[in-house]
Amino acid sequence: MKIALIFPDQLSNKSYLFLNLESYDQIILFEPLDNFYEIPHHKQKIAFLISSLRHIKQEINHPNIKHEKIIKDHPGLIKFLNNQNEIEPLTSIDTVQPSDHKILRDLLFFSQTNSIELNVHNDSKFIAKLEDFEYWSKDKKSLIQEFYYRWLRKKYNILMNDNEPAGGQWNFDKENRKSIKQLKDEIPKRNSLKTDKETFDVMVDVETSFPDAFGSLENFNWAVTRSDAKLKLKEFISSYLFNYGNFQDAMSKDSSLLFHSLISPYLNNGLLCPMEAIDLVELEYKNNQAPINAVEGFVRQILGWREFIRGIYWKYMPQYKTLNFFDTKTKLPEFYWNAETDMYCMHKAISDTKEYAYSHHIQRLMVTGNFALIAGLNPQKVCDWYLGVYIDAHEWVELPNTLGMALFADGGIVGSKPYAASGKYINRMSNFCKDCKYDVNTIIEDDSCPMNFMYWNFLISRENILRKNPRMSLIYNSLDKKDDLFKSKVQAKSKIFIKDIT
Ligand SMILES: Cc1cc2nc3c(=O)[nH]c(=O)nc-3n(C[C@H](O)[C@H](O)[C@H](O)COP(=O)(O)OP(=O)(O)OC[C@H]3O[C@@H](n4cnc5c(N)ncnc54)[C@H](O)[C@@H]3O)c2cc1C
Ligand code: SF4
């Protein structure tokens, strides 16, 4: 029997499998991803992925579909395939490049040991092919996202005027850094989506199968069909794109979502096509409806970062997942699950995560990620948390962002230096600190901001590794100006603080 195997994040309408449904004796829609059972997940993430899959099932409505649903204790993908093979021997399995290396490895092993042909097709929810990244990255000593981004802009003629970048420069990152304190406009309210019967049934299945999962389904407001995902994209373009560029790095206690697009879940499960999003946004620029810093900023995230991160994942896996550059072992503090901490910035980012299965990039990077970096949390534990709690998390994208970008646990593959920051950065970009129990303006007092003393402790404790990094020299120059008493105080305070929270 020839089967097509489709996972919940493989719903792109350009997928080889959807375009060739007639070639298969059985089309397996497989809901119970192994990692739903292996690490704690947010209920909204599971509900979103499963409901999207079930809506696509209705859309294709094919007689050869076999629908494998989530249940409380599913035996796992390979046991399921073994069963299928016993019921009726499989001759071939066609699937799309899976979103984590383990699934691919398991499928390869299963098909080889059972002499079944395995055909892995290109994942059409990306603009570039994996071969593009391989071609671009071969012979390069270091892989820099900005250059891959420029290469792709030229290759796909995106935001280009002939051979020159639109707006006269490649990157408007410096114009993406306004603080929330500079915001004068109101942030428009997001439209609510109605929960239909299909999604309601999925929610019941999620509650039954994963009763103790993280978060709640109460505020579920995610699109689960292609048409609603497109509506959400259009809502972003009409109401948020204009200010997206200016406030990309801002954080606010009054708005969890700010001007972000919230389209990552749809790009990552295939409900939305990345080129479609880019084309619509580029059109706004051409029609003078959106400024270049917003349009280029958005294109850079999707064409630059998203494609680059995926290339890094497949180039460096499976070793990548085990990297721990600073050899850190500290476990995750309980407040990553319950948001109960006096650090307002952490409380806010984790509460948002619980409520929406979402927090925006700067919260993920400069709040929860930065804390994990400077507190020396174990990268594998931190990665499990990010993979489970975010609506858009799949290993190909979560891992390089968390282990590489946020934690520098890859020693500099994704970024050339750690994104370590003190409370000063958070205070500059947000309005959090005035509502915090801690004092952001001091470092070694009783009520000093933990981000401050842990930041200096991070620099001291990693000095033998980081001082030789040329991009860290200015930072180490400022450490050199501190006296020994200061250094011993930040070390002592950090030690007590980390002991207290873990
Ligand atoms: C520690 C950490 C973990 C992350 N984990 C994930 C994850 O599991 N899944 C995920 O999709 N993104 C992840 N990101 C990247 C980024 O934070 C999210 O893509 C973004 O917050 C999604 O929200 P949005 O759609 O509103 O993004 P916007 O700010 O509106 O950006 C537009 C789009 O650009 C893409 N994008 C932006 N930055 C990145 C990036 N660094 N890598 C890949 N795509 C990017 C996303 O598809 C996003 O939808 C992570 C970042 C960090 C620092
Ligand atoms: S004072 Fe420190 S802990 Fe409190 S919100 Fe500001 S940065 Fe976060």
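Q: Which of the 28 residues around ligand 1 come nearest?
A: A residue counts as near a molecule if one of its heavy atoms lies within 4 Å of it. Here S261, L262, N268, Y358 and H361 come nearest to ligand 1. Keep in mind that this is a predicted model, where local features need pLDDT of at least 70, side-chain atom pairs count only at pLDDT 80 or more, and totals for chains, interfaces and linings use all residues. Residues are numbered from 1 along each chain as its sequence is written, chains are lettered from A and ligands numbered from 1 in the order in which they are written, and side-chain values use heavy atoms, with hydrogens and water left out.

Q: Which helices each supply at least two residues of the shell around ligand 1?
A: Helices are DSSP runs of H or I with at least four residues, strands are runs of E with at least two, and both are numbered from the N terminus. For this shell, the helices are α11, α13, α16 (361-375) and α18 (395-406).

Q: What lies 2.9 Å from an oxygen atom of ligand 1?
A: For polar contacts, look for a pair of N or O atoms within 3.5 Å. At 2.9 Å you'll find a polar side-chain atom of H260. Y244 also places a polar side-chain atom 3.1 Å from a ligand 1 oxygen, while I263 has a polar backbone atom 3.1 Å from one. Ligand 1 taken alone exposes 820 Å², and the protein buries 99% of that (Shrake-Rupley areas, 1.4 Å probe).

Q: Which residues of α12 are buried?
A: Buried means under 20% relative accessible area, with a 1.4 Å probe and protein chains only. In α12 that gives P274, A277, I278, V281, E282 and E284. They sit on the same side of α12 because they cover an arc of only 150° around the axis, taken from the directions from the helix axis to the C-beta atoms.

Q: What covers the buried residues of α12?
A: Contact means heavy atoms within 4.5 Å. The cover includes β6 (160-161), α9 (226-239), α10 (241-244), α11 (264-269) and α13 (292-316).

Q: Is G388 buried or exposed?
A: G388, in helix α17 (residues 379-389), is buried, with a relative accessible area of 0%. Beyond neighbours within four places in sequence, G388 is in contact with I39, P40, H41, H42 and K45. F214 is 174 residues away along the chain, yet the two C-alpha atoms are separated by 8.5 Å.

Methods
Buried < 20%, exposed > 50% of the residue type's maximum accessible area, 1.4 Å probe, protein only. Polar contact = N/O pair within 3.5 Å; in protein donor to acceptor, adjacent residues only side chain to side chain.
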